[in-house]
Amino acid sequence: MDKTIGVTDVTDAAQIPKQRGDLLLDSAVRYAEERHWDVFPGTWLEVVGGMERCSCASVGCPSPGAHPTRPDWAAQATGSGVGARRLWTKQPHASILLPTGRTFDALDVPESAGFLALARMERMEMTLGPVTCTPARRMIFFVLPGGSLKVADLVRRLGWSASAIDLTARGEAHYVAAPPTRVGGLGAVQWARRPTHANRWLPDVEELISPLAYACGRDAAAARAQRG
């Protein structure tokens with residue numbers, strides 16, 4: 001996968017970005033075929049009265065256009081390209097959601113801390129997996145499955161609490177949204193480090209936790225200083 005997976009375009013008339021079905025379908029199939037990631041379709045965005053809303057029709061939906069449509073979503077996920085094509089052909093505008101705890105776990109951190117950590121990791125020439133940026137100003141680092149179970153203890157050994165520094169681990173029974181999924185009117189999930197052949201092998205959580213925890217701790221301290 002040599003190119004960054006597509007982002008949405010904008011219509012001049014409505015000024016509302018379109019979540020293009022062809023990009024979503026093609027991306028879902030590539031994730032399944034090239035990365036062997038399980039994928040499943042989530043909700044999507046609908047334009048009603050010139051405004052976007054989640055297909056779930058819930059007022060105040062916390063993640064409009066990017067959450068499961070049914071409680072048994074884990075059983076709906078497929079790692080087959082044929083299966084992914086079938087699912088997105090049925091609903092071409094559905095968001096692309098990836099279950100964590102299977103082929104990867106995810107570390108979810110504030111965007112400012114994520115970019116600081118990413119720059120430090122690159123200077124150290126560390127092995128990195130794919131990394132996404134979300135419209136909610138979060139960064140998601142992909143690590144080997146099972147890593148989420150180690151995070152709390154690893155962060156505690158470094159002198160912090162994961163919750164206090166806003167570092168969240170996502171493993172079994174969780175999911176993340178994949179590019180080019182759009183979330184509400186905020187924009188699309190994008191790759192900060194796109195999937196390539198070079199990062200097919202994911203890092204263990206132990207390799208990333210120190211720079212991530214340091215960056216999150218620094219971010220949290222700065223936020224406390226501003227409030228104080």
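Buried means under 20% relative accessible area, exposed over 50%, and partly exposed in between, with a 1.4 Å probe and protein chains only. Keep that in mind as you click around this predicted model, where local features need pLDDT of at least 70, side-chain atom pairs count only at pLDDT 80 or more, and totals for chains, interfaces and linings use all residues. Residues are numbered from 1 along each chain as its sequence is written, and side-chain values use heavy atoms, with hydrogens and water left out.

**Stop one: the sheet**

Start by selecting S10, S7, S9, S8 and S14. In that order they make an open sheet of 5 strands with antiparallel pairing; at the two edges sit strand S10 (168-170) and strand S14 (190-193), each pairing on one side only. From one strand to the next, the twist averages 30°. Strands here (E, at least two residues) and helices (H or I, at least four) are DSSP runs numbered from the N terminus, and two strands count as paired if DSSP finds at least two bridges between them.

Now zoom in on S7, residues 105-110. How many of its residues are buried? 6 of 6, so colour S7 as mostly covered. On one flank, 3 bridges join S7 to S10, and the two run antiparallel. Pick Leu 107 to find its bridge partner Ala 169 in S10, then Ala 106, whose partner in S10 is Arg 170. Switch to S9: S7 pairs with S9 over 6 bridges, again in the antiparallel sense, and Asp 108 stands opposite Ile 140 in S9.

**Stop two: the helices on the sheet**

H4 lies across S7, strand S8 (131-133), strand S9 (138-143) and S14, and runs at about 45° to S9. Then show helix H6 (residues 205-227), which packs on the sheet, touching S7 and S9, with a direction that makes about 20° with that of S7. Contact means heavy atoms within 4.5 Å; axes are lines fitted to C-alpha atoms, for helices over the stretch in contact, and angles run from 0 to 180 degrees between N-to-C directions.

Leu 116 is partly exposed, at 33% relative accessible area.

**Stop four: salt bridges**

There are 13 salt bridges in the structure, each a side-chain nitrogen of Lys or Arg within 4 Å of a carboxyl oxygen of Asp or Glu. Select Arg 193 and Glu 122, which meet at 3.1 Å, N to O. This pair links strand S14 to helix H4, 71 residues apart. Arg 193 is partly exposed at 25%, as is Glu 122 at 41%.

Next, select Glu 206 and Lys 150, whose salt bridge is 3.5 Å, N to O. Glu 206 lies in H6 and Lys 150 in the loop between S9 and helix H5 (151-157), so the pair ties together parts 56 residues apart in sequence.

Finish with Asp 108, Arg 138, Asp 166 and Arg 170, which are linked in a network of salt bridges.
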